[in-house]
Amino acid sequence: MASKALYSHRDPVLKKRDDFEDILEERRNSSDLRYAFKCYTPVLYRGLTPCKAATLKSMVLQSEQLLHVINQVSAESGESTDVVKDEAAAILEEMAHRLQLRTIRFFAYTLSKAFKALYRSVCVNEEGIQRLQQAMQEHPVVLLPSHRSYMDFLMMSYILYTYDLSLPVIAAGMDFLGMKFVGEMLRMSGAFFIRRSFGGDQLYWAVFSEYVKTMLRKGYAPIEFFLEGTRSRTCKSLTPKLGLLNIVMEPFFKGEVFDVNLVPVSMSYERVLEESLYARELLGVPKPKESTSGLLKARKILSEDYGSMHVYFSPPVSVRSLAQGRINRSQFNLTPRHVAQKPSEETQAFVNDVAYRIVRLQQENMVVKPWVLVATLLLQSVEGMELTELMEQTSWLRDLARMFGAFLDWPDHTPCSMVVSSSISLHRNLACVSGSRISLVVEGPQGPETPEEALFNRAVSVLSCASYRNQVLHVFLRPALLAMALSNANSSRKEDIYSCFDFLRNVFSDEFILSPGASVQDFDEACHLLVKCGAVELLHQDVVMAESGRTVLSFLTLLLEPFLQGYQVVCRYLREEATENLTEKQFIPAVRSFAVKLHLSGSLKCYEVLSSDLQKNALNALIRLNVVRRVRTNEQVLFKVNKAAVNSVEDTLGGRIPTQKSILARL
Amino acid sequence: MASIGDGSERQRIAQQRLRVLAGHLRRLGAEERPGVAAQECRAGPRTRRENVPAAPQDIMKWNGWGYADSKFFFNKKGQGEFTGKRYRLSGLILPSLKDWFEGTFGANLQHKSPAVPSLNTSAVAPPSLNEAFVEELKSTGIPFSHDTEDRVFRAHGHCLHEIFSLRDGRVGRCPDMVVWPNCHNDVVKIVELACKHSVCLIPYGGGTSVSSALECPPEETRSIVSLDTSQMNRILWIDEKNLTAHVEAGIIGQDLERLLNESGYCTGHEPDSMEFSSLGGWVATRASGMKKNIYGNIEDLVVHIKMVTPRGVIEKSCQGPRMSTGPDIHHFILGSEGTLGVVTEVTLKIRPIPEYQKYGSVVFPNFQQGVACLREVAKQRCAPASIRLMDNEQFQFGHALKPQVSSIFTSFLDGLKKFYITKFKGFDPHHLCVATLLFEGDREKVLQHEKLVYDIAAKFGGLAAGEDNGQRGYMLTFVIAYLRDLGMEYYVIGESFETSVPWDRWVLDLCRNVKERIVRECKEKGVQFPPLSTCRVTQTYDAGACVYFYFAFNYRGLSDPVHVYEQVEHAAREEILANGGSLSHHHGVGKLRKEWMQETISSVGLGMLKSVKDYLDPNNIFGNRNLL
């Protein structure tokens with residue numbers, strides 16, 4: 001059972017984590033065919049009366065909830081209810097999964113082959129599996145894996161099949177349906193497809209939410225979806241999306257089920273299949289459209305080594321215990337259940353908190369590989385460094401990360417140098433050793449390249465490397481924000497530093513997972529960790545850097561430096577070049593070419609500002625800070641920029657002017 | 001069965017009527033029977049002890065439910081038995097009770113938790129009397145007593161914690177004296193004196209409260225006087241033209257029915273407590289009767305109410321069947337739980353005794369189907385006089401109370417029935433549930449009605465399961481309270497509570513969630529054995545149903561079982577409210593459920609009630625502190 005407090009990460013180091021088992025080991029020693037045809041008898045939800053996928057569809061179509069919306073839509077549009085019903089049936093047809101064991105067995109066989117080729121090991125915490133099995137019998141379960149790769153959901157189903165657990169139904173994006181045959185295969189292995197956006201479509205929403213809720217209420221199968229909404233191209237956790245989470249919690253709010261269990265799953269890859277694709281995408285090369293032929297072409301990846309992967313099933317989180325004292329369920333008693341209610345503010349805030357909590361749980365149990373530390377250090381000296389220095393620093397960083405509670409996968413009894421060199425060799429596409437120096441690999445065409453091309457190629461390797469550094473950001477984030485606040489603040493008084501911290505936290509809250517309203521807790525946590533590692537001292541009302549703290553603090557400040565610079569560049573762009581009629585579509589290309597220009601002129605060294613992800617986040621932050629206004633006109637969305645305000649944000653970020661003191665009262 | 005000699009037609013009808021009560025309501029001591037009396041006070045001496053009237057504790061338990069001569073016990077062979085002669089079950093051996101009891105609760109007949117044998121009167125604080133009040137009361141000639149037994153008997157209702165304390169020989173704050181007004185005017189005098197001398201009055205009817213309503217507020221510093229209405233028990237007149245009867249409010253349910261039966265009438269109001277609860281109590285708590293589908297609940301039955309308040313007497317000037325004269329003042333009185341005054345006289349609707357009556361029962365494959373059937377019956381507005389649906393746990397419990405079969409033939413028949421239902425029809429004995437039915441009216445109509453209901457039931461997979469099962473279901477209602485006393489002998493405590501809830505799917509979901517919550521809370525609170533957590537649907541309405549929960553557990557190993565019990569019941573009530581259930585369907589609020597009143601009726605609503613209280617009783621003479 002989860003504790004009542006949503007934020008209980010005071011000392012992350014004390015977290016006890018389960019051990020891992022490699023599930024590929026058995027696959028390497030016994031027949032895959034026999035495995036694919038093994039007797040599969042999962043334990044089921046105790047309230048379940050098994051039904052077919054087709055029965056499920058007709059239940060949805062006949063549900064009061066859906067009929068109610070159908071009547072409404074028909075009354076509004078003037079179409080007959082039969083027409084609207086057919087429309088609903090078509091939506092459902094397009095959406096619904098057709099889970100069948102045959103396909104699963106097919107996948108079990110082929111994926112066994114593929115995984116063995118790709119990975120050295122796939123490690124799963126079996127205690128987590130046991131807890132999951134228990135939870136699945138008692139309550140409807142929602143699986144919430146992190147999303148870094150297409151592999152994620154294949155891997156999830158594969159693991160559940162391996163452990164004889166009920167196979168999940170998975171919310172997937174419609175793009176997969178574009179792949180002939182494969183889309184349908186996924187459908188038959190339990191994926192159901194939802195459009196990426198259906199904002200105003202009441203009927204679509206009704207079909208979708210009723211479909212999910214029916215499966216949940218019936219306990220038909222565990223429901224799996226990605227809170228982050230899409231694969232994170234940067235390997236940072238993305239701000240959670242609330243739509244589906246809202247839907248799966250509603251049956252509990254309305255008393256239709258006793259409880260719903262949310263199970264965060266952290267999936268960490270030593271090497272992500274899509275690593276350089278992502279970097280290119282972030283730099284504006286369009287993502288290849290999902291297609292079957294593309295998939296076949298990608299076969300060549302099978303010959304590469306992707307290291308090991310870790311899947312950690314966190315303990316189930318009971319929605320009931322989270323909601324205790326936060327949600328007054330009787331508010332749902334005054335309208336009939338089939339009438340959809342807009343969630344109250346209280347409910348929205350609650351769902352939002354839960355979403356953040358889950359993402360933080362995902363982060364906490366992400367396994368951090370040695371390479372991640374190496375990449376972090378390499379990025380701080382892009383021009384390369386001495387190998388011996390790298391070894392030394394890596395070992396130092398390992399200890400610091402451990403102290404901050406990172407879930408490190410560091411082999412015991414192996415010298416640090418061995419560990420580092422073996423992870424460099426796995427990632428030889430990113431880093432190379434020449435002589436005694438190590439530096440980033442920059443792929444380039446044979447022959448001459450233009451300055452733009454050179455910049456692009458360099459940016460690809462930096463961003464690829466950054467996607468590894470990003471995997472450890474959650475460990476250092478709060479202390480790093482504090483370190484930055486320490487250097488920005490113009491005094492050492494605690495409230496000045498807090499207000500600086502709070503400002504930075506606010507600015508970066510689209511960039512990183514920072515639970516809304518938890519600023520004080522985060523500040524306390526940051527202080528606690530920095531005091532613990534001896535970097536700062538708390539004296540009465542002051543926070544002071546300790547003598548020995550310089551290394552830690554400068555490391556932490558450098559860690560966030562690219563983001564800080566990136567945001568400043570975006571501000572500068574808005575200040576200097578943004579026109580009155582800046583449209584949403586223009587924004588990213590315009591910022592990018594502005595940054596390229598700065599780079600080429602030599603006044604900018606930071607590559608991460610070229611990432612569209614950072615650009616979008618910065619824009620969102622400025623919108624949130626009311627510095628930029630979104631204006632919706634007939635055709636497009638325009639951004640109206642308050643240049644003076646942008647200037648002041650830029651200066652505050654640079655530590656040139658102090659943060660407002662309006663937030664003092666909260667300390 | 002009660003045996004009543006044959007005779008006139010009227011007697012035949014009366015006999016029929018008595019079958020309604022399944023013969024289990026016969027009351028001993030004919031000399032105590034009130035009769036239809038002239039409308040004057042002091043209608044002859046009824047005193048046993050000098051100046052003090054009937055002492056119910058002589059025929060009733062002082063620390064448990066009901067009649068002293070009726071109780072369950074396990075005989076030397078370990079078989080269950082029910083003593084006495086009052087009930088259909090009396091004197092019978094119940095061979096499966098022990099197994100059910102041990103199996104369900106993990107109890108053991110070796111582990112006993114006996115009650116103290118008798119009240120230790122020295123443990124009771126001496127009465128704090130208001131001398132001036134007592135002096136003036138003496139001069140009115142109204143009987144009173146400050147005998148310890150009289151006081152203790154009126155210091156409690158039948159909540160678990162109340163009975164548990166009594167069995168332990170612990171007694172909290174008691175009324176300091178008991179008065180027995182004999183008529184409306186006596187009450188007027190008592191209330192006047194109480195106001196004059198600042199004495200706290202707590203009206204006492206049948207003492208069957210399960211909401212801590214009778215508990216004396218421990219913080220009360222004034223002298224507390226229990227106003228026992230039991231002597232105001234006459235039917236003052238019967239109006240056959242309008243089909244109404246005017247009755248003193250202290251009359252006990254079964255007496256009212258019996259007396260009306262003698263004239264060929266009935267009220268049809270049969271709450272489960274009707275053996276002991278009083279008319280005034282029904283009004284004060286908004287009681288509901290088992291047969292409300294035909295006769296209505298108490299608010300539908302009353303035509304006129306007279307209540308004495310510190311401000312004066314409140315009543316309407318006529319007996320019009322419906323009025324549009326502002327908010328109905330009856331609704332301030334109904335459910336006021338003794339906080340505003342004493343109900344002294346009530347005019348009730350009466351009906352001729354029905355010609356024919358028939359029990360019935362239907363077995364459903366599961367609870368869902370059963371609820372769906374009840375919903376359909378309610379939708380078609382064809383509910384019989386009573387229709388109730390027990391869940392599987394209660395069905396099994398009902399079986400545990402089956403008496404020893406008298407012949408091999410019956411046992412063979414039982415086996416055959418069981419085979420038919422479980423094997424031939426494929427019902428899972430761990431899921432099936434039973435609806436019990438009671439039809440009333442013209443013989444022909446009853447038979448038609450019966451067919452209609454059975455046809456609906458068939459659509460939901462229901463199988464008719466005979467009259468006998470139906471009748472046993474209703475008998476259970478009356479003896480279940482006795483069973484709690486048996487449990488308490490063996491470390492098992494329990495209680496029932498109720499709610500009302502809209503149909504939708506709330507009935508099902510609420511039942512499941514509340515049962516589950518109970519099980520979980522018990523586990524969390526350290527209860528060593530799984531609890532019995534069961535429910536039944538006892539009333540159907542157009543827009544919802546009344547659901548009754550029984551909850552009991554074995555408390556061995558717990559240091560403060562009553563506290564655990566209360567925590568679990570509290571959690572269960574929260575769960576009920578969260579799932580769209582009401583605070584109470586008919587038990588009332590008392591002090592037990594007060595904390596949820598504001599949430600339930602809004603703070604404005606609570607303010608309205610408070611302002612009524614402030615106007616009627618500014619000095620809180622009726623100081624039981626219920627409800628508000």
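How much area do chain A and chain B bury between them? In this predicted model, the answer is about 1,400 Å², with 37% of that area on carbon and sulfur atoms. The size of an interface is often given as the accessible area lost when the parts come together.

On the chain A side, 18 residues are in contact with 15 residues of chain B. Three of the chain A residues deserve a look in the viewer: A:Phe258, A:Asn333 and A:Arg337 supply 42% of the area that chain A buries against chain B, more than any other three residues. Polar pairings can be counted here as well. Chain A and chain B share 11 residue pairs in polar contact, both partners being at pLDDT 80 or more. Sorted by class, the side of chain A that touches chain B holds 9 charged, 5 polar and 4 nonpolar residues.

Which charged side chains meet across this interface? The rule finds 5 salt bridges between chain A and chain B, and one of the salt bridges in the model joins A:Glu138 to B:Arg520, with 3.2 Å from N to O. This pair crosses between chains: A:Glu138 sits in helix α7 (residues 126-138) of chain A, while B:Arg520 belongs to helix α17 (residues 506-524) of chain B. For the whole structure, a search over all chains gives 79 salt bridges.

At their meeting place, 19 residues of domain 2 of chain A are in contact with 18 residues of domain 3 of chain A. Together the two domains of chain A bury about 1,600 Å² between them, 80% of it on carbon and sulfur atoms. Within domain 2 of chain A, the residues that lose the most area to domain 3 of chain A are A:Gln380, A:Phe404 and A:Leu455, which together make up 34% of what that side buries.

How many salt bridges are counted between domain 2 and domain 3 of chain A? The count is 1 salt bridge. A:Arg469 and A:Glu608 form a salt bridge in which the closest N and O atoms are 2.7 Å apart. The count of residue pairs in polar contact between these two domains of chain A is 4, again with both residues at pLDDT 80 or more.

On the side of domain 2 of chain A that touches domain 3 of chain A, the elements giving two or more residues are α16 (370-380), α17 (387-403) and α19 (451-488) of chain A. Of these, α19(A) provides the largest share, 10 residues. By class, the residues on this side of domain 2 of chain A divide into 13 nonpolar, 3 polar and 3 charged.

Key: Residues are numbered from 1 along each chain as its sequence is written. Chains are lettered from A and ligands numbered from 1 in the order in which they are written. This is a predicted model: local features need pLDDT of at least 70, side-chain atom pairs count only at pLDDT 80 or more; totals for chains, interfaces and linings use all residues. Side-chain values use heavy atoms; hydrogens and water are left out. Contact means heavy atoms within 4.5 Å. Buried area is the accessible area (1.4 Å probe) that two parts lose on being put together, summed over both. A salt bridge is a side-chain nitrogen of Lys or Arg within 4 Å of a carboxyl oxygen of Asp or Glu. A polar contact is a pair of N or O atoms within 3.5 Å; within protein, one must be able to donate a hydrogen and the other to accept it, and residues adjacent in sequence count only if both atoms are side-chain atoms. Helices (H or I, at least four residues) and strands (E, at least two) are DSSP runs, numbered from the N terminus. Ala, Val, Leu, Ile, Met, Phe, Trp, Tyr, Cys and Pro count as nonpolar, Asp, Glu, Lys and Arg as charged, and the others, Gly among them, as polar.
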